Each structure stands twice: as structure tokens, then as C-alpha cells.
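These are my notebook entries on one structure. I set down what I looked up and what I found.

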Amino acid sequence: MIFTMNPQYSKTHFLHSTLKFQDIPDTGWEVAFAGRSNAGKSSAINAITNQRALARISKTPGRTQTLVFFQVDETRRLVDLPGYGFAQAPGPLQQRWRTTLEGYFRQRRCLAGVFLIMDIRHPLTVMDLHMINWCKHYRRPVHVLLTKADKLNYGSAQNTLLKVQQMLEPYALTCQLFSATKKTGIEQAHAMLDRWLEV
Ligand SMILES: Nc1nc2c(ncn2[C@@H]2O[C@H](COP(=O)(O)OP(=O)(O)OP(=O)(O)O)[C@@H](O)[C@H]2O)c(=O)[nH]1
Ligand SMILES: [Mg+2]
């Protein structure tokens, strides 16, 4: 299959990195990328925008330590969130992230939805379920990317997708396979972003 990149996302550029989300005016729409440390949030942003190094990627968990805002165009943004479950981060920093993220989910009017990124080999951790409940509480729609799907063969990846979909049925959220390395699932991710970021 010939993969054609949706040009509107490939123009995305870095806007601001901060622990104070109020730095960026609460206008237009944004979609936040949440998930465990090292799950592949930053890589997913790069794959979706067809850029190699827009968001910083690292083998060491805890690379993204602030909210990083990327501008798709004048009214639309993608936001890379600090990963959760990173035990080595100093206690006060972890506490600050928690408070910041809680405020962000509670207050941010332009937050149209959350892409929840899970490593397909370790889906639905306790923290992921907390995040899903949190989003439900604040009425934020969630779309799950089961990423690193290239690490499993086709059958196992499909099986995991089905299982995760069944477990998440009570939450009425959507779920897909994704691989930043193999660039699979990008068109489906774009379709979801198009819906949420509709101007
Ligand atoms: N095989 C494979 N590896 C991936 C994929 N996505 C990310 N990775 C690898 O997973 C590691 C973590 O990726 P990041 O994108 O930095 O993860 P993150 O969720 O942003 O991590 P933090 O910023 O620490 O929270 C890196 O070594 C990536 O190269 C994928 O789809 N397939
Ligand atoms: Mg990151």
C-alpha cells in the first residue's frame, strides 16, 4: 500500500515546553499524548507528523519532563505529556507533574481528547486504568494507541487489540494498533485527530 502523509500534520512545529500550561492561551483545540514513561508517546508524535526529531525520543524512561506543545496550525496543537510510572524521577518532581497534569485535565477547555499510548506488550497497567478513569471523570474522550505493534506478529497483535477492546468496552473509547517504527496505524490516527481537532 502506498502511504500518503496528510500534509496538514507534517507542517507541525515546536511551540513551547513548560510545566505551566497556562503559558499557552486556552484557545483553539489540542490533543494530548499521555501514557507510561517509555511507552512511545514522543515517537508517536513524530510518526504522526512525519518528522524525525520533532519530539525528543529516548531509550531512557522519563525523557519528556514537561508539557511540550506542538503547533499543527494556528488553531490546533498536539501536546506531549510527561510519562507516568517513572520511579527514578525525584519525589517533588513527580508530585509537581501530578498536580500539573491534574490541573491540565480539569481546567483546559481546548483539550479535545487524549491519545493514550500503551506499549502493546504491556497494555492496561494500573496507571493506565487510573488515567482512563481520570479522563472519564473530566469527560475527556480517549483514543488508545497500542504502539510498538511491530514487536508482535500479526496474529498476536490482533489478539491483544481484541482483548484490550473487550476490557475497555465499559468505557466506550476507541483503540487501534500503531507502530512508529513501521509507520503503521498513522492514517487511522489522523482520522481521529481530524475528528477531534475539527475547526
Ligand atoms: N520497536 C518500536 N520501538 C518504539 C516504537 N515507538 C517507540 N519506540 C522506542 O521506545 C523508546 C521510548 O520511546 P519514546 O517515544 O521516547 O517514549 P515516551 O513515551 O515519549 O517516553 P517518556 O518521554 O520517557 O515518557 C525509544 O527507544 C523508541 O525508539 C515503535 O513503534 N516500535
Ligand atoms: Mg517522551
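**Conventions.** I note that this is a predicted model, in which local features need pLDDT of at least 70 and side-chain atom pairs count only at pLDDT 80 or more, while totals for chains, interfaces and linings use all residues. Residues are numbered from 1 along each chain as its sequence is written, and chains are lettered from A and ligands numbered from 1 in the order in which they are written. I took helices (H or I, at least four residues) and strands (E, at least two) as DSSP runs, numbered from the N terminus.

**Strand β4.** I looked up how far β4 (residues 76-80) is covered, and found five of its five residues buried. A residue is buried if 20 or more other C-beta atoms lie within 10 Å of its own, exposed if 12 or fewer, and partly exposed in between, with C-beta atoms placed from the backbone. On one side of β4 I found R76, L78 and D80, and on the other R77 and V79, all of them buried.

I then asked which strands pair with β4, where pairing requires that DSSP finds at least two bridges between two strands. β2 pairs with β4 in the parallel sense over five bridges, and W29 has R76 as its bridge partner in β4. Strand β3 (residues 67-73) pairs with β4 in the antiparallel sense, also over five bridges. There V68 stands opposite D80, and a hairpin of two residues joins β3 to β4.

**Helix α3.** I read that α3 (residues 91-107) has 17 residues and reaches 24 Å from its first C-alpha to its last, close to the 24 Å expected at 1.5 Å a residue. The expected span is 1.5 Å times one less than the number of residues.

Which residues of α3 are buried? They are W97, L101 and F105. Seen down the axis of α3, these buried residues fall within an arc of 55 degrees, so they line one face of the helix; the arc is that of the directions from the helix axis to the C-beta atoms. An α-helix has 3.6 residues a turn, so residues three or four places apart point the same way.

I also recorded that the buried residues of α3 pack against α4 (126-137), where contact means C-beta atoms, placed from the backbone, within 7 Å. The face turned away from the buried side carries exposed residues, among them G91, Q95, T99 and E102.

**Ligand 1.** I looked up the shell of 23 residues around ligand 1, and G40, S42, S43, T64 and G83 come nearest. A residue is near if its C-beta atom, placed from the backbone, lies within 6 Å. Helix α2 (residues 41-49) gives the most to this shell, with three residues.

**Single residues.** I noted that N38, although not a glycine, has a positive phi of about 75 degrees. N38 lies in the loop between β2 (29-35) and α2, and counts as buried because it has 20 C-beta neighbours inside 10 Å.

K148 is not a glycine either, yet has a positive phi of about 60 degrees. I placed K148 in the loop between β6 (142-147) and α5 (154-167).

Is T125 buried, exposed or partly exposed? T125 is partly exposed, since 16 other C-beta atoms lie within 10 Å. I found T125 in the loop between β5 (111-119) and α4. Not counting residues up to four places away in sequence, T125 touches R36 and G85.

Definitions and conventions:
Two residues are in contact if their C-beta atoms, placed from the backbone, lie within 7 Å.
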